Amino acid sequence: TDIPGTTRDSITESISFNGLEIHLTDTAGFRDRTERIEAEGIKRAADIIAASELARVMLESTTGFTDDDKRVLETAPNTKTITALNKKDLFDDAGWERIIGSTPISIDISISALTGENLDILKGMVYDSAVGMGDNIGKDIIITNRRHYNCLLSAVDEMQNTKKAIEDDVLLAEHLRSALNHLGEITGEVTTEEILNSIFDNFCIGK
């Protein structure tokens with residue numbers, strides 16, 4: 001509903017963005033209330049934020065920065081956050097600048113959930129933040145296909161060889177082309193009779 005304080009349980013969905021799997025959880029909002037059931041929802045939300053690698057904090061432009069907003073940002077000080085100010089569609093440029101100026105924290109992005117303004121940029125910010133976390137990316141990737149594994153090793157070798165050929169443009173281009181070809185054998189952009197035979201030998205293809 002549109003009534004504040006009625007969200008109890010979190011909702012989690014997964015999306016794939018630029019090849020990266022991202023798990024999004026929508027939680028109850030934070031309000032200073034003593035009602036027991038709502039308080040439990042807020043506690044669960046705080047636990048989720050603390051366990052997350054990135055928190056996107058949605059601020060309400062029509063109410064101004066509130067104590068509830070401050071409480072959200074203080075919940076998990078070690079969690080990286082992106083602050084998004086919503087409902088940009090309700091104001092002209094001058095009015096929006098006044099709102100930004102009166103907000104005591106830095107706003108990372110202005111959005112409109114209604115019109116979709118800047119939502120693609122917000123997605124990009126989430127992606128960049130996730131990729132920037134370095135060690136958290138790629139640990140769960142397992143290469144189960146021997147041919148794919150060998151292609152990746154060969155591509156890595158060719159990329160290493162580019163360092164030695166940095167002074168020779170022709171040799172450098174050749175190593176880069178070879179690396180791309182090895183990757184293309186995985187994606188299907190490069191096919192040879194040997195690859196096709198391997199596919200037909202390992203898979204049962206119906207007629």
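**Figure 1. Leu-59 and what it touches in this predicted model.** Skipping neighbours within four places in sequence, Leu-59 is in contact (heavy atoms within 4.5 Å) with Phe-65, Asp-69, Ala-84, Leu-85, Asn-86, Ile-105 and Ile-107. Across in strand E4 (80-86), Leu-85 stands opposite Leu-59. A few ground rules: residues are numbered from 1 along each chain as its sequence is written. Since the model is predicted, local features need pLDDT of at least 70 and side-chain atom pairs count only at pLDDT 80 or more, while totals for chains, interfaces and linings use all residues; side-chain values use heavy atoms, with hydrogens and water left out.

**Figure 2. The two faces of strand E3 (54-60).** Strands are DSSP runs of E with at least two residues, helices are runs of H or I with at least four, and both are numbered from the N terminus.

**Figure 3. The open sheet E3-E4-E5.** Three strands line up in that order, with parallel pairing. E3 and E5 are the edge strands with a single partner strand each, so one side of each has no neighbour in the sheet. Helix H4 packs on this sheet and touches E3, E4 and E5; its direction makes about 175 degrees with that of E4. For such angles, axes are lines fitted to C-alpha atoms (for helices, over the stretch in contact), and values run from 0 to 180 degrees between N-to-C directions. Seven bridges join E3 to E4, and two strands count as paired if DSSP finds at least two bridges between them. Glu-60 has Asn-86 in E4 as its bridge partner.

**Figure 4. Helix H4 (119-131) and its cover.** H4 has 13 residues and spans 18 Å from first C-alpha to last, close to the 18 Å expected; that expectation is 1.5 Å times one less than the number of residues. Leu-122, Gly-124, Val-126, Ser-129 and Ala-130 are buried in H4. Strands E1 (11-17), E2 (20-26), E3, E4 and E5 (109-110) are among what covers them.

**Figure 5. Trp-96, Phe-91 and Lys-88.** Rings of Phe, Tyr and Trp (its six-membered ring) pair if their centres lie within 6.5 Å; planes under 30 degrees apart are stacked, over 60 edge-to-face, and the rest tilted. By this rule there is one aromatic pair. Phe-91 and Trp-96 have ring centres 5.7 Å apart and planes at 50 degrees, so the pair is tilted. Trp-96 is buried at 4% relative accessibility, while Phe-91 is partly exposed at 29%. Lys-88 sits in the loop between E4 and helix H3 (93-102) and is buried too, with a relative accessible area of 19%. Beyond its neighbours within four places in sequence, Lys-88 is in contact with Trp-96, Ser-110, Ile-111, Ser-112 and Glu-117.

Terms used
Buried < 20%, exposed > 50% of the residue type's maximum accessible area, 1.4 Å probe, protein only.
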